Amino acid sequence: MNWKKDGYEYVILFALTVLIFFLGLGNRDLWTPDEPRVAEIGREMALEGNYVVPMLNRKPFLEQPPLFYLSLAFAYRITGRVEDWVARIPSAFYSFLGTFAVFLIGRNLFGTKVGILGAFILATCLEYFRVSRWVIVDSALSCFIFFALWAFLKAYFGHEGSKALYYFLMCIFSTLAFFVKGFIGVAIPALTVISFLIFERNVGEIRRMKLQYGITVFLVSLGIWTWLLYKEGNVEYLKIFFVDNNLLRFFPGGTSGHQNPFYYYFLEFPSAFFPWIILFFPALVYVFSKSPQHEKKALLFLKCYFISGFVLLSLASTKRILYMVPIFPSAALMVALYLDHFFRSENRTLMETSFTYIHSGIIFALGIGLLPLVIFFSNKYGTDLKGEDILRISIFSFAIASLSAISIFDLRRLRFKKSIFFSGMAHFSFLLFLLFWVSPYINPYKSFKPFMEKVLKEIPKGEPVYAYKPDETLRGFFPFYSGIYPIEVKEENEIRSSLRNNPMYVVIRDKNDVLRKELLNLGLKEVFYVQRADRRSLALFKSYDR
């Protein structure tokens with residue numbers, strides 16, 4: 001394949017994929033988990049001007065450092081709006097930059113074509129696409145980790161005169177990753193680099209990196225932020241961040257949620273890396289058994305990147321599938337390298353051919369089965385499916401199935417470049433379906449806006465509002481959508497005491513009606529109650545003498 005002549009099709013795929021990050025940012029409201037909390041922290045930072053301590057409902061929230069929230073605050077201020085779509089701009093922007101960084105990594109290791117294919121594969125796998133449109137810090141974390149590893153590769157494989165600069169940049173990007181999410185931002189690139197140098201039998205390179213300048217920048221930045229944090233909240237704030245939200249999140253026995261077994265990522269990775277997971281298996285075989293001599297170091301880097309990151313994340317007690325996103329580029333570039341090999345090879349094995357057909361076949365089956373799947377889940381969850389919905393789903397179904405069928409036809413004719421192009425267009429169509437039909441369709445069942453509209457109509461302006469045993473979601477969406485900071489009440493005695501002194505309104509976000517029963521027993525009157533699809537409910541109460 002002549003890259004200079006034929007590469008425009010891959011550029012089209014990449015451009016379309018990048019475009020999708022910024023389409024429809026406002027086609028849904030804030031959803032749990034994460035989004036209400038993160039969006040509100042950024043709003044309070046923009047409003048209050050406290051850039052050191054992230055605040056949620058005017059209380060410190062020290063799960064992460066402030067860098068991503070600063071991005072949110074900047075987005076709110078530059079647009080002059082505090083809205084859902086504005087809150088998604090930083091995630092979309094960091095995800096765009098992240099795909100560009102993966103292109104640079106792939107180009108540096110294997111050439112331009114593999115770089116573009118790798119970036120396209122990363123951007124179109126389900127979990128990366130989801131994170132790119134989610135108000136969450138992991139988009140920025142991943143972006144800075146990708147650039148840190150790119151800087152390492154530029155230094156390691158580059159000219160001697162530029163090594164010091166790129167190693168310094170590696171430290172700068174790792175420092176930025178730390179200020180997004182803590183020590184995991186440093187641990188993943190550091191472990192990747194160290195394991196690579198060990199297997200390369202070149203540990204001496206660490207001495208030649210001259211890391212003292214970059215490490216000094218990291219330590220000085222960390223020291224300044226630590227001192228400012230100490231001034232705000234003394235040792236308590238330092239313990240919450242460094243011990244509770246970093247050390248104890250890794251070791252078993254911590255107080256954080258999302259405690260999952262060590263094999264969790266083995267079960268969750270396939271769906272997160274869909275639809276490319278089918279090609280990931282032959283890609284692994286190729287990378288580990290057919291290493292071309294001129295790519296030996298590059299392949300070793302990919303192996304170390306994936307395995308070291310996978311092991312590190314699996315050892316941590318706190319696990320969520322989005323935590324794997326920082327190591328997705330290694331898998332994406334493995335698949336891109338395998339596809340490049342498959343296109344160029346004259347002796348393709350039965351296994352390689354079979355997996356390629358299965359990949360396109362699954363997308364074709366998804367297109368054909370789209371409407372029956374939607375009808376099944378609509379009936380299961382009791383949602384309303386209208387005639388116009390069926391028409392739109394049918395259009396997407398036809399597009400996905402048709403493009404996949406063309407991809408399979410081109411495979412049979414050995415037109416592999418065209419096959420991957422039409423397969424990519426089918427993937428793109430599926431993402432459009434998720435973006436422009438699934439998200440708006442689900443939004444009424446996941447949005448907090450309808451509840452807040454009813455609350456604001458009921459409560460007189462200027463009246464205080466109490467939040468009874470609020471979780472992070474309630475502490476986030478209530479002030480975000482209303483501008484009112486609810487007074488947090490954590491004990492029944494506090495409710496009794498407040499009732500004696502003042503009439504009151506109380507909001508809850510409940511599970512299994514536990515809080516609702518407690519408030520009814522305390523003598524409060526339920527104004528309205530909303531049962532949500534996520535097995536939680538929302539309710540507004542008031543005292544009888546209002």
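A cavity here is a set of grid points where a 1.4 Å probe fits but cannot get out. With that in hand, here are some close-ups of this predicted model.

**View 1. Two cavities sit inside the model.** A search of the whole structure turns up two cavities of 30 Å³ or more. The largest cavity has a volume of about 60 Å³, and 13 residues line it, with Leu339, Thr356, Leu411, Ser419 and Ile420 nearest its centre. Helices H17 (328-344), H18 (350-368), H20 (387-412) and H21 each supply at least two lining residues; H21 gives the most, with four. By class, this lining has seven nonpolar, six polar and no charged residues.

**View 2. The second largest cavity holds about 50 Å³ of space.** Look for Thr124, Leu126, Phe274, Pro275, Ile363, Leu366, His427, Phe430 and Leu431 around it. H18 and H21 are the elements that give two or more residues to this lining, and H21 has the largest share, three residues. Seven of the lining residues are nonpolar, two are polar and none is charged.

View 3. Two or more residues come from each of helix H8 (126-132), helix H19 (370-381) and helix H21 (416-446). H21 turns up here again, giving the most to the pocket lining with 11 residues. In this lining you will find 23 nonpolar, seven polar and nine charged residues.

**View 4. Helices H14 and H16 pack against each other.** H14 (residues 264-272) and H16 (residues 296-315) meet at an angle of about 120 degrees, with their axes 10 Å apart. That angle makes H14 oblique to H16. Tyr265, Phe266 and Phe269 of H14 make the contact with Phe306, Phe310, Leu313 and Ser314 of H16. Six of these contact residues are nonpolar, one is polar and none is charged.

**View 5. Five strands form an open, mixed sheet.** Follow the strands in the order S4-S3-S5-S7-S6. S4 (487-489) and S6 (525-531) stand at the edges with a single partner strand each, so one side of each has no neighbour in the sheet. On average, neighbouring strands are turned by 25 degrees against each other, direction ignored.

**View 6. Strands S5 and S7 run antiparallel.** Seven bridges join S5 (residues 505-511) to S7 (residues 536-542); for Tyr505, the bridge partner in S7 is Lys542. Helix H23 (residues 472-482) lies across S3 (465-468), S4, S5 and S7, running at about 135 degrees to S5.

Technical notes. Residues numbered from 1 in each chain as written. Predicted model: local features only at pLDDT ≥ 70, side-chain atom pairs only at ≥ 80, totals over all residues. Heavy atoms only, no water. Nonpolar A, V, L, I, M, F, W, Y, C, P; charged D, E, K, R; others polar. Pairing = 2+ DSSP bridges. Axes fitted to C-alpha atoms, helices over the stretch in contact; angles between N-to-C directions. Contact = heavy atoms within 4.5 Å. Parallel < 35°, antiparallel > 145°, perpendicular 65-115°, else oblique. 1 Å grid on protein atoms, 1.4 Å probe; cavity = no way out; pocket = protein on both sides within 12 Å on 5 of 7 lines; lining within 4 Å. Points joined across faces, edges and corners; volume = space filled by probe spheres on them.
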